[in-house]
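Work through the exercises below with the coordinates open. Each task is followed by a worked solution.

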Amino acid sequence: SQNASPEEVVLCTTPWAGLWMLVPLIIQSAMSSAVGLLRWTTRTRIEAWQWVLTIVMWAVLGFRRFFHLDDFRHGADLGLALFTGRVRLLADSTVWRLIHTLQPESAEAFYQETAAEAVPLNVPQGEEWISMDEHVVGFFTKLKPRPLKKTRVPTRRRSYPAIRLYAPFHLWSGRFVGLVVTKATRALSQVLPTLVAEVRRLRRRAGHPQPRKVDLILDRGAYKGALFEQLMADEGIRFIAMARATKKNVRQWEAVSDEAFEAYQPEGERNPNLKIAETTTQITDCPYPLRTVLIRDDTPETRQRWRALLTKVSAEELKPAEVDATYRRRQGHENGFAELDHDLAGKCLPKPYRLVREANEQGQKRKTVGTALSPETMTGLHFVAWLRHWAYNLVKDLGAVLGQRYATMEVGTLVRKFIARPGILCLRGDQLRVTLTPFTDSAALDGWLRKINEQRLAIPWLGHLTLQIEIAPTPVGLAADLKAVQQRIIANSPSL
């Protein structure tokens, strides 16, 4: 009859059915329009959506290497393949080839489109602080000549060929807003003008009301007199930076009288011997006297007696204790990158160099004789690195739509609670129905899933099927009948 409901076809079961909860966020993001900007220098039948979603899925689930995709190919997990718009996951060699043949202009256009969306616009007064920091990513190769200079990799305590990731972090929104990739020899003090220009460019593109006004929090890597002179001369910049305890600086700090200090007990600090004062410091190569919030530790035989914060913020805007409290917020940047690294394998990136191979007698290039740095490999590295950071923002956005309790959760917790959840994918008419097995905190999804299902969002990379997500009323699987399990298994097991 005409009123008969469409027949439901079970497509597959998947242990990562919760991954589909990211689809509404992806569809409603700038990703939808940015994917169409991608182009390659060689011909390919792979669609941009399929390739990009493969990298996003790879990042969210914390896969460390592209060849790990082979464990889920050949029908091993149809749910992951359908998420990328295919019936079989891309081979790792295909992913690599598309990374190395990506047109730089299209990759830059994609990056600007998606990074500008991360810029928060409705920010409360005084909450525009952006933390700037560097993170070293080492590449462990013995091939020579090395196109990358060596630098110390903190996690290995040795020097390796490496690159540096500079990802500005908005402390109020808790999101990465842009990315700059440089060689290992480029310090924060050298890259900071580029980072400021990048933040301003993304803000203009996002329609920020004050794109040139930038509030910066900097660690010791930015300590350089010529740089502070430049920051002081820029009317649109305010900053709080950690000073280095050079001999010249320490002499100035020791000259501050004891009467200028007062007892200081910041929140969460157990040291009762801290004192705080306000002074100015004249540093080398900077003609401006810099307002300094000076914190002294009077603990006997302490290894770090002085901690000084140089700032362009006036005393009327922030008192000394408030300057210190604001600077301490940069720990959010460190925590954010730690989550990216440990939960989303943020440092597992493509090699920034190309392997140089020598042909044998049969003309087969199987022996690698060296490495070379090329613009194509750096373009691919920046693209994949940004998608890692974008995946971090995406998972945090999922927590934000679920409510305040989940907005502050770490990305690893959100992935474990909501994304790494089993379920069934079914096709009913023009609907792709994702049914999740009930779990702890699944009730938190009810309101948001109701709104998403009412919107009837079309999935552009799956023939515009309508996405519907639901939570099953009872567990689906071998343990669905708990009474039968208790009577037939538990009761007949003496050891239990």
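**Exercise 1: the sheet and its edges**

Nine strands form an open sheet with mixed pairing, in the order β7-β6-β2-β9-β10-β14-β13-β12-β11. The model is predicted, with local features requiring pLDDT of at least 70 and side-chain atom pairs pLDDT 80 or more, while totals for chains, interfaces and linings use all residues. Residues are numbered from 1 along each chain as its sequence is written, and side-chain values use heavy atoms, with hydrogens and water left out.

Task: state which strands stand at the edges of the sheet, and describe how β11 pairs with β12.

Solution. 
1. Strands here are DSSP runs of E with at least two residues, helices are runs of H or I with at least four residues, and both are numbered from the N terminus.
2. Two strands pair if DSSP finds at least two bridges between them.
3. β7 (175-176) and β11 (262-263) each have a single partner strand, so one side of each has no neighbour in the sheet; these are the edge strands.
4. β11 pairs with β12 (residues 274-281) in the antiparallel sense, over two bridges.
5. Ala 263 has Lys 275 of β12 as its bridge partner.

**Exercise 2: strand β9**

Task: determine how β9 is joined to β2 and to β10, and whether its residues are buried or exposed.

Solution. 
1. β2 (residues 129-132) and β9 run parallel and are joined by four bridges. Ile 130 is bridged to Leu 216 of β9.
2. β9 and β10 (residues 237-242) also run parallel, joined by five bridges. Leu 216 stands opposite Phe 239 of β10.
3. From β9 the chain passes through helix α8 (residues 225-233) to β10, a right-handed β-α-β crossover (with the strands pointing away from the viewer, the path from the first strand over the helix to the second runs clockwise).
4. Buried means under 20% relative accessible area, exposed over 50%, and partly exposed in between, with a 1.4 Å probe and protein chains only.
5. Val 214, Leu 216 and Leu 218 point one way from β9, Asp 215 and Ile 217 point the other way, and all are buried.
6. Five of the five residues of β9 (residues 214-218) are buried, so the strand is largely enclosed by the rest of the structure.
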